Amino acid sequence: MKRLIVLSLAVLFLTGGTGLPVKADDSPPIIRLSYVREIDELPFYVGLEKGFFEEEGVKVELVRIGGATNIMAAALRGDIEGGNIPLAALFHASLRNIPLKLVSWLGTSHPGTKCGIHVSKDSDIQTIKDLKGKRIALSGSITSKTILSEALELEGLTMKDVKPMLGIDLQEPMKHEAILKSSQVHAIIT
Amino acid sequence: MLEEHGVSRLLSSFHDIIPNFVFSGVFFSNAFLDAHPEQVRAFLRGLVKSFVFIHEHGAEAMEFIPKYTGVERDVALVCSTRNFSVTGREPDGFIDHQRDLMIKFGFLSKAVSLDPVIDYSYLPPIGEK
């Protein structure tokens, strides 16, 4: 009985009587952000490794969550405070009055950008027009579908002229290589 | 990455197809912004330091990619990163163009404004060191 009372008092002391964990007073507040292991998030990685966030008085923890809908839902539930969100998802958030705000962009493409439509090194495909009738792997996100649609339209084609294969996992970049090597697809958007 | 491993050839890049393509950004829930605006400002000061570091020490920054993405180091060191604005802001024209394309291809029902869901006021003022 005495042991139980001591244990109960210890729990009350450690939780400040609230039942919730109490952080040490001198530790910075923790901000939990979603991430999807993409190059866009390089500023997160740099800030963590160089200590830039802690220098400014906050500690950042990255939480891996896939899919814009899941990310926004996690923020609304309070599982995270925010994170990385695609531009396309932001349009839909605005349309549906979802209570969130974008506070900074995470960069743009540039002439050296290597993300795009890739074909096998030895492929006969030399131009976008050569994609007609070919199997093209893409994630199925609005971003990837917009890119492919515009690329095709610039060359007088539409999505009906190709065979899109949706569902590649953008969070597993090393798998893209295997997909293209397998020859099951003629091109991949990554 | 596929190119770096000698597996693929880049037929057309995102930038070739849609110049200055804006991929993503950082968001917070309104509840957190309302409750802890100073924490958001502190985070963004750190983020801007990261943008500047990437501009000034690109090679060193790339060394951090494998740890967080699972991409092999030899690939990470030669991959192309984004063009990060050191202000955290991008021109409205870039964003409007992508919205118009999404509408054209049926991925967005109407010309929605992002004004209600963008708030740059937590970022350091432009020009502040």
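This is a predicted model: local features need pLDDT of at least 70, side-chain atom pairs count only at pLDDT 80 or more; totals for chains, interfaces and linings use all residues.
View 1. Among the contacts in chain A with a separation of 6 or more, 66% are between residues 24 or more positions apart. The domain assignment of chain A gives domain 1 (28–108) and domain 2 (117–189), and the centres of these domains, taken over C-alpha atoms, are separated by 28 Å. Where the two domains of chain A touch, five residues of domain 1 are in contact with four residues of domain 2, and the side contributed by domain 1 divides into three nonpolar residues, one polar and one charged.

**View 2. The contact between chain A and chain B.** Chain A brings 75 residues to this contact and chain B brings 79 residues; on the side of chain A that touches chain B, the residues divide into 40 nonpolar, 21 polar and 14 charged. For chain B, the domain assignment gives domain 1 (29–85) and domain 2 (89–122), with C-alpha centres that lie 23 Å apart.

**View 3. The open sheet of five strands in the order β2(A)-β1(A)-β3(A)-β2(B)-β4(A).** The pairing in this sheet is mixed, and β2 (59–64) and β4 (100–105) of chain A stand at its edges with a single partner strand each, so one side of each is left without a neighbour in the sheet. From one strand to the next, the twist averages 35 degrees. Strand β1 (residues 30–35) of chain A runs parallel to β3(A), to which two bridges join it, and A:L33 has A:G82 as its bridge partner in β3(A). Helix α5 (residues 87–95) of chain A packs on the sheet, where it touches β3 and β4 of chain A together with β2 of chain B, and its direction makes about 100 degrees with that of β3(A). Between the chains, strand β3 (residues 82–86) of chain A and strand β2 (residues 24–29) of chain B run antiparallel and are joined by five bridges, with A:N84 standing opposite B:V26 in β2(B).

**View 4. The largest nonpolar core and the surroundings of A:V103.** This core has 87 residues, and those with the most contacts inside it are A:V103 and B:F43. Helix α3 (residues 37–56) of chain B gives the largest share of the core, nine residues. Leaving aside residues up to four places away in sequence, A:V103 touches B:V26, B:F27, B:F28, B:V40, B:L44, B:D119, B:Y122 and B:L123. In soluble globular proteins, nonpolar side chains tend to be buried together.

**View 5. Helix α2 (residues 42–50) of chain A and what covers it.** Seven of the nine residues of α2(A) are buried, and the helix is thus mostly covered; the buried residues are A:L42, A:P43, A:F44, A:Y45, A:V46, A:G47 and A:L48. Their cover includes β1, α3 (52–55) and β2 of chain A, together with α3, α4 (58–62) and α5 (65–69) of chain B. Just after α2(A), A:G51 takes a positive phi of about 75 degrees.

**View 6. The open sheet of five strands in the order β7(A)-β6(A)-β8(A)-β5(A)-β1(B).** The pairing is mixed in this sheet, and its edge strands, β7 (163–166) of chain A and β1 of chain B, each pair on one side only. Neighbouring strands are turned by 25 degrees against each other on average, direction ignored. Helix α6 (residues 142–154) of chain A packs on the sheet, touching β5, β6 (135–138), β7 and β8 of chain A as well as β1 of chain B, and its direction makes about 145 degrees with that of β6(A).

**View 7. Strand β5 (residues 116–120) of chain A and its partner strands.** Four of the five residues of β5(A) are buried, so this strand is largely enclosed by the rest of the structure. With strand β1 (residues 8–13) of chain B, β5(A) pairs in the antiparallel sense over five bridges; A:S120 has B:S8 as its bridge partner in β1(B), while A:G116 stands opposite B:S13 in β1(B). With strand β8 (residues 187–189) of chain A, β5(A) pairs in the antiparallel sense over three bridges, and the bridge partner of A:V119 in β8(A) is A:A187.

Note on methods: Residues are numbered from 1 along each chain as its sequence is written. Chains are lettered from A and ligands numbered from 1 in the order in which they are written. Two residues are in contact if their C-beta atoms, placed from the backbone, lie within 7 Å. Ala, Val, Leu, Ile, Met, Phe, Trp, Tyr, Cys and Pro count as nonpolar, Asp, Glu, Lys and Arg as charged, and the others, Gly among them, as polar. Two strands pair if DSSP finds at least two bridges between them. Domain bounds come from an automatic or database domain assignment. A nonpolar core is a set of buried Ala, Val, Leu, Ile, Met, Phe, Trp, Tyr and Cys residues joined through C-beta atoms within 7 Å. A residue is buried if 20 or more other C-beta atoms lie within 10 Å of its own, exposed if 12 or fewer, and partly exposed in between; C-beta atoms are placed from the backbone. Axes are lines fitted to C-alpha atoms, for helices over the stretch in contact, and angles run from 0 to 180 degrees between N-to-C directions.
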